Amino acid sequence: MKKIVYISIVLLLILIGYFFFNTNNSDFIYKHVLVTHNNSYGDSIYSIYKDKRIDSSEVEYRNVVDNKIKEILDSSYTLKYPLVIYNPYDEDKLSIGVYFNTEEDLKISYEVTTSDGSYKDEFDHYNKSHAYMIKIIPGSRNVIDLIGVSKNKKEFSSTIFFDATNISK
């Protein structure tokens, strides 16, 4: 009888430990991933804070980040005032996520400029919902000019200032 009680207690402790310490379940990840302001990179720049026990290479982590972004992304984030998140998926410290919505379909292009140089890129599709990963240039203040062009060739623009002076390659 004592053997059955001990085995039952051990199994119960294993189950409790699994549910308490399992950091790969979505509830744990959801509770321990935060989107926070990070003014060290500039005004209105956000970063993702995650518990050190969370593996950012897991698909579930990316899904939680996507859901957190969707929760805060509303109609107030526009081309003129986009949501900007530094390295949102913890995959590339030289990237920012730029998210916004527009009233009409726009095709987006951008130019990243620093004192050391610049580069341009554009996206192929017209959309009302926009989510882009943009490479930043480390060790410099980045000026990112976003240009949206409608199907009838009307142009809209905005500028993001991102301070990457403390980010190295």
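Reader: What should I know before reading the values?

Author: In this predicted model, local features need pLDDT of at least 70 and side-chain atom pairs count only at pLDDT 80 or more, while totals for chains, interfaces and linings use all residues. Residues are numbered from 1 along each chain as its sequence is written, and side-chain values use heavy atoms, leaving out hydrogens and water.

Reader: How many residues does helix α3 have, and what should they span?

Author: Helices are DSSP runs of H or I with at least four residues, strands runs of E with at least two, numbered from the N terminus. The expected span is 1.5 Å times one less than the number of residues. Helix α3 (residues 59-72) has 14 residues and should span 20 Å; its end C-alpha atoms lie 21 Å apart, which agrees.

Reader: Which residues of α3 are buried?

Author: Buried means under 20% relative accessible area, exposed over 50%, partly exposed in between (1.4 Å probe, protein chains only). In α3, Tyr61, Val64, Val65, Lys68 and Ile69 are buried. They cover an arc of only 135° around the axis, taken from the directions from the axis to the C-beta atoms, which puts them on the same side of α3. Val59 and Lys70, on the other side, are exposed.
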